[in-house]
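Below are my notes, in the order in which I looked things up.

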Amino acid sequence: MSAKPQKAPKGAPTPKPVKTPAPDPLLAELRPGQSVELLKELHILTRDDKLNQDSRRKLKQVYHLYNFIEPLMDEVLAERGDLTLADHGAGKSYLGFILYDLFLKGREQGRVYGIETRDELVAKSRELADRLGFGRMSFLNLTVEESITSSELPERIDIVTALHACNTATDDAIRFALEKHARFIVLVPCCQAEVASVLRKHKSESFARTPLSEIWRHPIHTREFGSQLTNVLRCLLLEAHGYQLTVTELVGWEHSMKNELIVARATGQRRGNARERLQQILSELNLEELAPRFAY
């Protein structure tokens with residue numbers, strides 16, 4: 001007969017069940033291989049490894065943008081065995097750092113250039129890249145004109161990005177990309193005020209010229225229509241230079257109001273009427289003074 005299990009003596013403490021540690025919810029949100037130290041330095045993670053609501057929103061935006069850029073980087077690497085990417089108007093360079101950390105860190109090829117005019121941000125990015133061992137990242141304090149002709153940059157850049165580059169900084173990135181014969185251009189425009197200011201300046205004259213001026217008669221409509229129109233002109237410019245476009249939203253509107261994503265692929269096939277349409281829009285809406293920016 002088998003022995004009966006022994007009962008615990010009366011009064012003996014009941015053994016506590018061993019708890020399996022709960023999985024870290026943070027790890028479920030980070031991509032494999034993502035440097036936690038980098039995310040802390042970029043203030044996406046707090047010092048105690050937490051994500052607040054604002055940083056979670058920022059991380060989602062960057063990861064979503066990475067989903068668009070990763071296949072472009074793969075394509076360039078597969079075709080030429082190397083890769084150059086320039087982040088124009090880089091600011092704190094968190095897009096460039098994320099791209100390097102997730103894509104280039106484990107490879108022997110590829111270089112990221114961060115182009116920024118604020119010297120203190122350039123210096124901080126250089127220091128962080130050195131500390132993390134990101135040896136194929138370069139940060140340059142250059143204006144648009146300087147970045148086009150600088151010997152610190154190669155004659156050709158494969159991919160140009162501009163994330164939330166404010167107002168005309170997006171147009172500067174486009175000009176740089178065209179001069180560098182970029183294969184891909186990835187833009188998330190922000191704070192577009194130039195077109196709206198010109199619409200506002202010529203509002204009275206436009207009222208007598210076209211009934212379309214009703215579209216921007218009220219100040220809030222001037223701002224919103226000016227922002228929309230700016231991106232339309234940018235798209236026509238890129239198509240006139242032989243780029244095929246995908247225009248979509250980056251993330252849901254609950255995460256960011258500056259949400260339009262423009263991905264341009266060089267095909268060499270210029271849209272035949274793009275330049276003509278662009279000129280017609282400038283003329284119809286009394287914006288001819290902006291031709292040097294959008295119609296070159």
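**Surface and overall make-up**

I took accessible areas from the Shrake-Rupley method with a 1.4 Å probe, and for residues only the protein chains shown count as cover. On that basis the chain exposes about 16000 Å², and carbon and sulfur atoms supply 52% of it.

A reminder to myself on provenance: this is a predicted model, in which local features need pLDDT of at least 70, side-chain atom pairs count only at pLDDT 80 or more, and totals for chains, interfaces and linings use all residues. Residues are numbered from 1 along each chain as its sequence is written, and side-chain values use heavy atoms, with hydrogens and water left out.

Next I looked up burial, where buried means under 20% relative accessible area, exposed over 50%, and partly exposed in between (1.4 Å probe, protein chains only). Of the 296 residues in the chain, 47% are buried.

For secondary structure I used DSSP runs numbered from the N terminus: helices are H or I with at least four residues, strands are E with at least two. I find 12 helices and 7 strands in the chain.

Contact here means heavy atoms within 4.5 Å. Among contacts in the chain with a separation of 6 or more, 74% are between residues 24 or more positions apart.

**The cores**

I then went looking for nonpolar cores, each a set of buried Ala, Val, Leu, Ile, Met, Phe, Trp, Tyr and Cys residues joined through side-chain atoms within 4.5 Å. The largest has 45 residues, and Leu65, Met73 and Phe97 have the most contacts inside it. Elements that each supply at least two residues of this core include α3 (53–80), α4 (94–104), α5 (119–132) and β3 (137–141). The largest share, 10 residues, comes from α3. I also noted a second, separate core of 43 residues, which includes Leu142, Val144, Val195 and Ile262. As general background, nonpolar side chains tend to be buried together in soluble globular proteins.

Which residues does Phe97 touch? Leaving aside neighbours within four places in sequence, I list Leu38, Leu42, Lys92, Ser125, Leu128, Ala129, Phe134, Met137 and Phe139.

**Aromatic pairs**

I paired rings of Phe, Tyr and Trp (its six-membered ring) if their centres lie within 6.5 Å; planes under 30 degrees apart count as stacked, over 60 as edge-to-face and the rest as tilted. That rule gives 4 aromatic pairs. Trp216 and Phe225 form a stacked pair, because their ring centres are 5.6 Å apart and their planes are at 0 degrees. Trp216 is buried, at 0% relative accessibility. Back at Phe97, ring pairs link this residue with Tyr100, Phe134 and Phe139 into a cluster.

In α7 (residues 169–179) I count as buried Thr170, Asp171, Ala173, Ile174, Phe176, Ala177 and Leu178. Not counting residues up to four places away in sequence, Asp172 touches Val144 and Arg293.

In α8 (residues 194–201) the buried residues are Val195, Ala196, Val198 and Leu199. They lie on the same side of α8, because they cover an arc of only 165 degrees around the axis, taken from the directions from the helix axis to the C-beta atoms. These buried residues pack against α9 (203–209), α10 (219–240) and α12 (291–294).

**Positive phi**

Most residues other than glycine have a negative phi, so I checked for exceptions. His43, in the loop between α2 and α3, has a positive phi of about 60 degrees and is partly exposed at 48% relative accessible area. Ser93, in the loop between β1 (84–88) and α4, has a positive phi of about 65 degrees and is buried at 3%.

**Cysteines**

How many disulfides are there? With a disulfide taken as a pair of cysteine sulfur atoms within 2.5 Å, I get 0. The sulfur of Cys166 is 3.6 Å from the closest cysteine sulfur, in Cys191, too far for a bond. For Cys190 the closest is also in Cys191, at 3.0 Å, again too far for a bond. Cys166 is partly exposed at 43%, whereas Cys190 is buried at 9%.
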